[in-house]
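Thanks for making time, everyone.

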Amino acid sequence: MSTESNPSQALKPRTMFEKVWQQHVVVEPAGEPTILYIDLQLVHEVTSPQAFEGLRLANRPLRNPARHIATVDHNVPTTSVADRLVIADQVASAQVNALRKNCAEFGIELFDVEDAEQGIVHMIGPELGATKPGMTIVCGDSHTSTHGAFGALAFGIGTSEVEHVMATQTLPQDKPKTFRINVEGGVNGELPYGVTAKDIILDIIGRIGTDGASGHVVEYAGSAIRALSMEGRMTVCNMSIEAGARAGMIAPDDTTFAYLKGRRFSPAYEKDPVGTVSAIPNYPDSFNPPPISRSPWDLAVEQWSALVTDLGATFDRELTIDATKLAPNVTWGTSPGMVTTIDSAVPSLADAKTDADRKSFERAFEYMDLKPGTPIKDIKIDAVFLGSCTNGRIEDLRAAASIVDGYHVAKTVRALVVPGSQAVKHQAEAEGLDLVFKSAGFEWREPGCSMCLGMNPDILSPGERCASTSNRNFEGRQGRGGRTHLLSPAMAAAAAITGHFTDVRYWKFNSKEGR
């Protein structure tokens, strides 16, 4: 149902989410989920094999191969190119080989381990320009919400839903509620020194809880959000799922357009000599200006610029945060909601709001081997992981390199840098960041999901404590018995040097702070 067929909807002020949703409605059966058209499905090696097999068993073709792209990321080794070409783990090897076979059979473009555009699925979509404003995007991965940073409606789905999209290019969905979170920064939206996009989203999750946005699509707005780079916006949207949200979205603007311009799948920005702006219909010729040549890019930007929340549109919920009062965050427990600031301490049971929270705290204290009241700065670490679809971008690596330049990783710490994509790796190497990290004692790896999750060789040993730039700190997430603390790239880099959590806000004044 479109606004053209229902004029009353066109007159009503709408949120950005409502605009994208309505543009993709195929049918709205009474009492049943809405059928949405899906513009793009991203595919990786872990959640796709059963979906492809389902198509075979039902003798169904892939509805639209051009609306799918695939990559290997979750369980490919990052240690060396040779290890990626011949994967030792039999399960991982079978999944990667299955994806190769399936993509060849069904006509999907695959970015394999040797491809210059390979990387984490949520990294390459934006890098290729396949992720665009106003699109509906799905993937068999919960952190598909990353793509909402471009004004797309993007969310993770299960394997049976992956098959449904492959077969029909549609998906049944219940319409979520709306939740606007306004994050207001300084005069120009700036954040306090040492505070990053990662700290914004960790603070939000800490405030509202891991189910605080359940059943909602969150629109992030406010001066601090507008001031973020696209990398920062992707970090915020990436972790929306950790607050229970169905998706996170940020309205596209000049920052978005500058990022997308000239990318492989973006509209061409040269003028098409054949293409013209249509004359106004049903008017005398004298009212019609002569045709003006417009590039596909200009036309796209014009459409994308309309994807903003209308003045007067209402949300089911709203929250405003003063970002000028934020500090660097570190998680202490076993969910992203168990978070506090670097200058605070591990909470006590008295801080638990409910009986359920109390039980969760008790379990977290035991699993993480932490005592209530322990200053966060006193917590020593064994490992550092810089990477993931949350913080494996070039901006993240630059921030971390600026901290470690001229210093060396603590003798008690094992530190890894894993670029999120080949494009990021090559850019970092062109800038000499790899040399900075290697000089400081970091391992410089090949692109992949790596230590974000325990599905590849990059895992923690039982009892190891890791400062991680990833998105989840569940029990065993980075390896059985591993203890994960989430924080920003700069904070992780500082911890790597000092061997314990360190307030990066003081680094520029005295980099030996707390050592």
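This is a predicted model: local features need pLDDT of at least 70, side-chain atom pairs count only at pLDDT 80 or more; totals for chains, interfaces and linings use all residues.

Let's start with strand S4, residues 68-71, which pairs with S5 in the parallel sense over 3 bridges.

Now zoom out a bit. Those two strands belong to an open sheet of 5 strands, in the order S5-S4-S3-S6-S7, with parallel pairing. Which strands stand at the edges? That would be S5, residues 109-111, and S7, residues 153-156; each has a single partner strand, so one side of each has no neighbour in the sheet. Neighbouring strands here are turned by 20° against each other on average, ignoring direction. As a reminder, strands of a sheet pair through backbone hydrogen bonds, either parallel or antiparallel.

Stay on S5 for a second, at Glu109. Arg264 forms a salt bridge with Glu109, and the closest N and O atoms are 2.8 Å apart. Arg264 sits in the loop between helix H11 (254-260) and helix H12 (296-304), while Glu109 is in strand S5, so this pair ties together parts that are 155 residues apart in sequence. Arg264 is partly exposed, with a relative accessible area of 43%, and Glu109 is partly exposed as well, at 31%.

On to the other sheet. This one is open too, with 4 strands in the order S11-S10-S9-S12 and parallel pairing. Its edges are S11, residues 247-249, and S12, each with a single partner strand, so again one side of each is left without a neighbour in the sheet. The twist averages 20° from one strand to the next.

Is S9 largely enclosed or left open? Well, 6 of its 8 residues are buried, so S9 is largely enclosed by the rest of the structure. On one pairing, S9 and S10 (residues 216-221) run parallel over 6 bridges. Along that pairing, Arg180 stands opposite Glu219 in S10, and Ile181 stands opposite Tyr220 in S10. S9 is also joined to S12, residues 317-322, by 6 bridges, and those two run parallel. There, Glu184 stands opposite Asp322 in S12.

Buried here means under 20% relative accessible area, so Arg472 counts as buried at 15%, and so does Glu242 at 4%.

Then there's a local one. Glu366 forms a salt bridge with Arg363, the closest N and O atoms being 3.6 Å apart. Both lie in helix H13, residues 355-368, and they are 3 residues apart, about one turn of the helix. Glu366 counts as exposed at 57% relative accessibility, whereas Arg363 counts as partly exposed at 37%. There's a network as well: Glu53, Arg56 and Glu105 are linked by salt bridges.

7 of its 8 residues are buried, so H2 is largely enclosed by the rest of the structure. Among the buried ones are Phe17, Trp21, Glu18 and Lys19.

Next, Gly54, which you'll find in helix H3, residues 49-57. Gly54 counts as buried, at 12% relative accessibility. Gly54 and Glu163 are 109 residues apart in sequence but 6.8 Å apart in space, C-alpha to C-alpha.

And finally, the surface. Val81, Leu85 and Val86 form a nonpolar patch there, with about 270 Å² of accessible area together. Val86 lies in the loop between helix H4 (81-85) and helix H5 (90-106), and Val86 is exposed, with a relative accessible area of 65%.

That's my tour, so over to you.

Terms used. Residues are numbered from 1 along each chain as its sequence is written. Side-chain values use heavy atoms; hydrogens and water are left out. Patches are made of residues with over 30% relative accessible area and no salt bridge: like charges are joined within 9 Å, nonpolar side chains (Val, Leu, Ile, Met, Phe, Trp, Tyr) within 5 Å. Accessible areas come from the Shrake-Rupley method with a 1.4 Å probe; for residues, only the protein chains shown count as cover. A salt bridge is a side-chain nitrogen of Lys or Arg within 4 Å of a carboxyl oxygen of Asp or Glu. Buried means under 20% relative accessible area, exposed over 50%, partly exposed in between (1.4 Å probe, protein chains only). Two strands pair if DSSP finds at least two bridges between them. Axes are lines fitted to C-alpha atoms, for helices over the stretch in contact, and angles run from 0 to 180 degrees between N-to-C directions.
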